[in-house]
Amino acid sequence: MVYIVSWQEYQEAAEALYEKSPNTTRYCVKWRQSTDGAGKLVLKITDNTTCIKFKTHSSVFLNRFDALNLSLMQKMQNRRPTQVSIAPSTSQVAPSASQDVAAAASVPAPSTPSGGGVKKKKPKKKK
């Protein structure tokens, strides 16, 4: 087991390991809360022959961790990141836009949240 210190190196190594053997690669995430209030995040990826680990106590890595998870999940689902397409020609936009406006006008918007939003008061305990 190798702990990689640099996040960039870990991300590249993890994605390369998954691309090398996608059927046998496992990805494990551990979060351990310590008594002093600080936490430890340990990421591990292995394919039964190579094991790569990354450990941090910093919360700065959470956004990077989310990006790595998204990237690996897209690869696991065999999807590519969706790209925003450029606006279609005007002949296709006009009919659908008028239908969307008519559909939105016919459906009233709910004025309150569906969950109710108000907690029921608990009765007082008898002595």
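What pattern does the protein chain follow, read along the sequence? The answer is β-α-β-β-β-α-α, and the views below take a closer look at parts of it. This is a predicted model, in which local features need pLDDT of at least 70, side-chain atom pairs count only at pLDDT 80 or more, and totals for chains, interfaces and linings use all residues. Residues are numbered from 1 along each chain as its sequence is written, and side-chain values use heavy atoms, with hydrogens and water left out.

**View 1. The whole chain, for orientation.** The protein chain holds three helices and four strands. Helices (H or I, at least four residues) and strands (E, at least two) are DSSP runs, numbered from the N terminus. Of the 127 residues in the chain, 21% count as buried. Here buried means under 20% relative accessible area, exposed means over 50%, and partly exposed lies in between (1.4 Å probe, protein chains only). Contact means heavy atoms within 4.5 Å. Among contacts between residues at least 6 apart in sequence, 49% join residues at least 24 apart.

**View 2. Helix α1 beside helix α2.** Two packed helices are described by the angle between their axes and the distance between the axes. For α1 (residues 7-20) and α2 (residues 62-76), the angle is about 10° and the axes are 11 Å apart. That makes α1 roughly parallel to α2. Axes are lines fitted to C-alpha atoms, for helices over the stretch in contact, and angles run from 0 to 180 degrees between N-to-C directions. Angles under 35 degrees count as roughly parallel, over 145 as roughly antiparallel, 65 to 115 as roughly perpendicular and the rest as oblique.

**View 3. The residues where α1 and α2 meet.** From α1 come Trp7, Tyr10, Gln11, Glu15, Tyr18 and Glu19; from α2 come Arg64, Phe65, Leu68, Ser71, Leu72, Lys75 and Met76. Sorted by class, this contact has seven nonpolar, two polar and four charged residues. In this sorting, Ala, Val, Leu, Ile, Met, Phe, Trp, Tyr, Cys and Pro count as nonpolar, Asp, Glu, Lys and Arg as charged, and the others, Gly among them, as polar.

**View 4. The two sides of α1.** Which residues of α1 are buried? They are Trp7, Tyr10, Gln11, Ala14, Glu15, Leu17 and Tyr18. These residues cover an arc of only 160° around the axis, which puts them on the same side of α1. The arc is that of the directions from the helix axis to the C-beta atoms. An α-helix has 3.6 residues a turn, so residues three or four places apart point the same way. The cover over the buried residues of α1 includes β2 (26-33), β3 (39-46), β4 (51-56) and α2. On the face turned away from the buried side sit the exposed residues Glu19 and Lys20.

View 5. Trp7 lies in helix α1 and is buried, with a relative accessible area of 7%. Leaving aside neighbours within four places in sequence, Trp7 is in contact with Leu43, Phe54, Phe61, Arg64, Phe65 and Leu68. The C-alpha atoms of Trp7 and Thr56 are 9.6 Å apart, though 49 residues separate the pair along the chain. Ala14 is buried too, with a relative accessible area of 0%, and its C-alpha atom is 8.7 Å from that of Leu72, 58 residues away along the chain. Glu19, at 53% relative accessibility, counts as exposed.

View 6. The buried residues of α2 are Phe65, Leu68, Ser71 and Leu72. They cover an arc of only 125° around the axis, which puts them on the same side of α2. Their packing partners are α1, β2 and β3. Over on the other side of α2, Asn63 and Leu70 are exposed. Following α2 comes Asn78, whose phi is positive, near 60°.

**View 7. Asn48 in its loop.** Where is the place of Asn48? Look in the loop between β3 and β4. Most residues other than glycine have a negative phi, and most peptide bonds are trans. Phi of Asn48, however, is positive, near 75°. Asn48 is exposed, with a relative accessible area of 54%.
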